[in-house]
Amino acid sequence: MRVLLFTGKGGVGKTTAAAGTATLAAARGRKTLVLSTDAAHSLADAFGVPPTAEPAEVAPNLFLAQVDAQRTFERTWTEIRRYLLGVLDSVGVDPIEAEELTVLPGAEEVLALLEVRDQVRSGRWDVVVVDCAPTAETLRLLALPEALNWYMDRVFPTERRMVRALRPVLNRVTGVPMPADGVFDAVERLHAELAAVREVLTDPGTSVRLVLTPESVVVAEARRTLTSLSLYGYRTDAVIANRIFPAEGADSWRTGWVAAQTAMLAEIEASFAPLPVLRSGYRAAEPVGPEELGALAAEIYASLPAGTDPDPCALLSQSEPMTIRAVDPGRYVLSLALPLADKRDMDLRRKGDELVLTVGGHRRLLALPSALARCTVGGAQLAGDRLEISFTRETPA
C-alpha cells in the first residue's frame, strides 16, 4: 500500500502534480485513488469532470473522489455540536448565531483526513494520492492528532469524572447543561479516529512530496515546511520544482527568468539534498484531463537520476524520522530528522516523561519510550540534518 501526499505553497501546481502522479500510477497498472483535503476541491477541474463524493473512475484504474465533509461531519461531530447548541441556547444566544459558533474551524480539512484513513484501510486501492491543503493548513492538520493526545491523556479523564460526579449540582446551580456521557463518547471517538489518521500518515509506506516553483519566497517556505514535517514525524521523499522556463529560444525577457531560475534551482538542489529534486517545465497551457496530466507526470519522474526507474510510486528517499540507538551500556541517543533546522530557532526541554521540542514556532510534545523515560538528558546537538539527544540511565547509589 502506497500513500502519497502533495503539499506546497498555494499556486505552485501541487494539484496538477498530485493528479499527474495518480494518472501515471494508474497507467502502470495500479488501482489508484486520488482525493483532496483542500477545501478548494480543484482536482475534479484538473480532470475536466464533475465532482463526485463516491470514488468514480476517470481513466482505467484511476478513481477520483471529492470528500463529502458534511456526511463525515454528521457522523463524527453531531453529538458534540448538539451539546454546544444547548449550552448557547441556555445563555440566550440567538439560534442562528449559535449555528455559526458551533462550526468547527477547519472541520472540512480535518474530516477529509478521516476520509483518507477510511480509504487507505478499505483495501480497495494499491495507491492513494492526496492533494493536501496549502502548507500552513496542512501543518496545522498534521499536528492535530498528536496535540489532541496530550489533552486526552492528561485532562479528559479527570474532566469526565468531575462532570459525572457534579452534573446534578452544576445543572441546578449554573442553569447550563452539563455534557452527557454521549458527548464524552463522541470526543473519545474523534480522538481515536484522529490517532488512526496519524498511524496511516506516519506509516513507512506514506510519504510527502513538496511542490515548489524556483522563486526565493516559495523556496523559503518549502524549507520551513520540510523541517516542520520532519518535526512531527512525517517522511518527505522528494521535492518537485515546477514551472521551469525552457532555455531554448529565449527572448531577452525570458533569458532573465531562465538565469534567475537556474541560480535558484542550484540552491534548491544544495539545500534539499539528499532529497531528489524532480523538475517540470513551464507548459504552454494548463494540463487538463488524464492524457495531459499523465504527460506532465512522465516528464516529472523522467527527471530522476539516470538509471533510476521513473516509477511515481517508488520511495524516492529513505530517512527514518526517529531512531534510538544504544552507544554504551546505560547510554542512548535519540535521533530526530530535522533537515534545514537552525539551532538558533530551537528550544528543547524535558517535562516529566516528555520532551518539549520547539523549532521555528512549531512545537511538538514527544512522549519518551519507557527505556528513555528512566534516563536523564545528557545533552543535544545538531549533527547534519538530525538532532541527536543523549540519554544516560541513572545508576542506583
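Is Arg349 buried or exposed in this structure? The points below take up that residue along with other features of the model, which is a predicted one.

1. Arg349 counts as exposed, since its relative accessibility is 56% and the cut-off for that class is over 50%. The side chain of Arg349 meets that of Asp347 in a salt bridge, with a distance of 3.0 Å from N to O. Asp347, at a relative accessible area of 30%, is partly exposed.

2. As background for the reader, the chain has 397 residues, of which 49% count as buried. Its secondary structure comes to 12 helices and 15 strands.

3. The search for salt bridges, run over the whole structure, finds 16 of them. In general terms, side chains of opposite charge can pair when their charged atoms come close. One of these bridges joins Arg209 and Asp237, whose closest N and O atoms are 3.0 Å apart. Because Arg209 belongs to strand E6 (residues 206-212) and Asp237 to strand E7 (residues 236-244), this pair ties together parts of the chain that are 28 residues apart in sequence.

4. Arg223 lies in helix H9 (residues 216-231) and Glu267 in helix H10 (residues 252-272), so the bridge ties together parts that are 44 residues apart in sequence. Arg223 counts as partly exposed at 21% relative accessibility, and Glu267 is also partly exposed, at 37%.

5. Strand E15 (residues 386-393) deserves a paragraph of its own, being mostly covered, with 6 of its 8 residues buried. It pairs with strand E10 (residues 331-337) in the antiparallel sense over 7 bridges, and within this pairing Ser335 has Glu388 of E15 as its bridge partner. Strand E15 pairs with strand E14 (residues 375-383) as well, again in the antiparallel sense, over 8 bridges, where Ala383 stands opposite Arg386.

6. Strands E14 and E15 form a hairpin with 2 residues between the strands.

7. Turning to helix packing, helix H1 (residues 14-27) and helix H11 (residues 290-302) pack at an angle of about 95°, with their axes 7 Å apart. That angle makes H1 roughly perpendicular to H11, because angles of 65 to 115 degrees are placed in that class. On the side of H1 the contact includes Thr16, Ala19, Gly20 and Leu24, while on the side of H11 it includes Pro290, Leu293, Ala297 and Tyr301. The residues of this contact divide into 8 nonpolar, 5 polar and no charged.

Note on methods. Residues are numbered from 1 along each chain as its sequence is written. This is a predicted model: local features need pLDDT of at least 70, side-chain atom pairs count only at pLDDT 80 or more; totals for chains, interfaces and linings use all residues. Side-chain values use heavy atoms; hydrogens and water are left out. A salt bridge is a side-chain nitrogen of Lys or Arg within 4 Å of a carboxyl oxygen of Asp or Glu. Helices (H or I, at least four residues) and strands (E, at least two) are DSSP runs, numbered from the N terminus. Buried means under 20% relative accessible area, exposed over 50%, partly exposed in between (1.4 Å probe, protein chains only). Two strands pair if DSSP finds at least two bridges between them. Axes are lines fitted to C-alpha atoms, for helices over the stretch in contact, and angles run from 0 to 180 degrees between N-to-C directions. Angles under 35 degrees count as roughly parallel, over 145 as roughly antiparallel, 65 to 115 as roughly perpendicular and the rest as oblique. Contact means heavy atoms within 4.5 Å. Ala, Val, Leu, Ile, Met, Phe, Trp, Tyr, Cys and Pro count as nonpolar, Asp, Glu, Lys and Arg as charged, and the others, Gly among them, as polar.
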